[in-house]
Amino acid sequence: MKVLAVNGSARHNGNTSILLRTVCDELEKEGIKTEVIELAGQVIEPCRACWACGGRGNCVHQKDLFTEIFTKMKEADGILLGSPVYSANISANMQAVLERAAVVADMNPGLLKHKAGAAVAAVRRGGSLQAIDAMNHFFLNHEMFVAGSTYWNMAYGQLPGDVEKDEEGMNNMRNLGQNLAFLLQAVNSDEK
Ligand SMILES: Cc1cc2nc3c(=O)[nH]c(=O)nc-3n(C[C@H](O)[C@H](O)[C@H](O)COP(=O)(O)O)c2cc1C
């Protein structure tokens, strides 16, 4: 099994990266492969509302990383989304990925059906619930199952590495990784 993680941060190796890596480490312990795609340094264009993706299974506009990301989303058993909180919501790059992925999935029903998903947010102080909700909404209207943890999947920090001082937040990420592994194993069990 494989999980694709997408990091919406503008920073390489920042707080969101640490959170995603923490979740992925737990998945790897269970034998689940992981890949993290970082959007830092990339510009993902928003949806052009051309609707040309219908019947094609992917966006027709290929100037940026989106089509590669969506191809990998389709191949993965699970999708892990991470965003820093920007202006009390997800980053613009993550928003662009999700609006295009949502339209492609709407126009080609079933592409993400029965995959597992989880979303995490790095936040200095306010807006993490909106960010987590925005990412979970993407999973929930594309027939995916969503893993949760003991709290909402956020950790506090401003400068890169700060989230590691948020002990509760980091424990929550480890538990999320274990729950996502459990969900993936249950969904993909031969005993269905
Ligand atoms: C453009 C921008 C907007 C931000 N807006 C918020 C915000 O609304 N609320 C907040 O608590 N932190 C905000 N932050 C701080 C980040 O969420 C915080 O530093 C986070 O840990 C960054 O994660 P990263 O290291 O993965 O980039 C903002 C940072 C940037 C660059």
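What you're looking at is a predicted model, where local features need pLDDT of at least 70, side-chain atom pairs count only at pLDDT 80 or more, and totals for chains, interfaces and linings use all residues. Residues are numbered from 1 along each chain as its sequence is written. Helices and strands are DSSP runs (H or I over at least four residues for helices, E over at least two for strands), numbered from the N terminus.

**The strands**

- Let's start with β1 (2–7), where 5 of the 6 residues are buried, so the strand is largely enclosed by the rest of the structure.
- β1 pairs with β2 (pairing means DSSP finds at least two bridges between the strands); these two are parallel and share 6 bridges.
- A5 sits opposite V36 of β2.
- β1 also runs parallel to β3, joined by 5 bridges, and here N7 stands across from G82 of β3.
- β3 (78–84) has 7 of its 7 residues buried, so it too is largely enclosed by the rest of the structure.
- In a regular strand, side chains alternate between the two faces of the sheet.
- In β3, G78, L80, G82 and P84 point one way while I79, L81 and S83 point the other way, and all of them are buried.
- β3 pairs with β4 as well, in the parallel sense over 7 bridges, with G117 of β4 as the bridge partner of I79.

**V6, a residue inside β1**

- V6 lies in strand β1 and is buried, with 28 other C-beta atoms within 10 Å.
- Leaving out neighbours within four places in sequence, V6 is in contact (C-beta atoms, placed from the backbone, within 7 Å) with I37, L39, I69, L81 and V97.
- V6 and G161 are 155 residues apart along the chain, and their C-alpha atoms are separated by 19 Å.

**Helix α2 and what covers it**

- α2 (66–75) has four residues named as buried: F66, I69, F70 and M73.
- Looking down the axis of α2, those buried residues fall within an arc of 95°, so they line one face of the helix; the arc is that of the directions from the helix axis to the C-beta atoms.
- Turned away from that buried side, the face of α2 carries the exposed residues E68 and E75.
- The cover over the buried residues of α2 includes β1, β2, β3 and α3.

**The nonpolar core**

- A nonpolar core here is a set of buried Ala, Val, Leu, Ile, Met, Phe, Trp, Tyr and Cys residues joined through C-beta atoms within 7 Å.
- The largest one has 55 residues, and L19, V23, V97 and L180 have the most contacts inside it.
- Not counting residues up to four places away in sequence, V23 touches L80, A118, V120, M173, L176, G177 and L180.

**Around the ligand**

- There are 20 residues around the ligand, and S9, G14, T16, P84 and R124 come nearest; a residue counts as near if its C-beta atom, placed from the backbone, lies within 6 Å.
- α1 (15–29) and β4 (116–123) each supply at least two residues of this shell, and α1 gives the largest share, 3 residues.
- The shell has 7 nonpolar, 10 polar and 3 charged residues.
- For those classes, Ala, Val, Leu, Ile, Met, Phe, Trp, Tyr, Cys and Pro count as nonpolar, Asp, Glu, Lys and Arg as charged, and the others, Gly among them, as polar.

**Residues to look up one by one**

- W51 is in the loop between β2 and α2, and its phi is near 60°, a positive value in a residue other than glycine.
- W51 counts as exposed because it has 11 C-beta neighbours inside 10 Å.
- A88, in the loop between β3 and α3 (92–107), likewise has a positive phi near 60° without being glycine.
- With 13 C-beta neighbours inside 10 Å, A88 counts as partly exposed.
- E28 belongs to helix α1 and is partly exposed, with 15 C-beta neighbours inside 10 Å.
- E28 and A181 are 153 residues apart in sequence and 8.9 Å apart in space, C-alpha to C-alpha.

Terms used. A residue is buried if 20 or more other C-beta atoms lie within 10 Å of its own, exposed if 12 or fewer, and partly exposed in between; C-beta atoms are placed from the backbone. Two residues are in contact if their C-beta atoms, placed from the backbone, lie within 7 Å.
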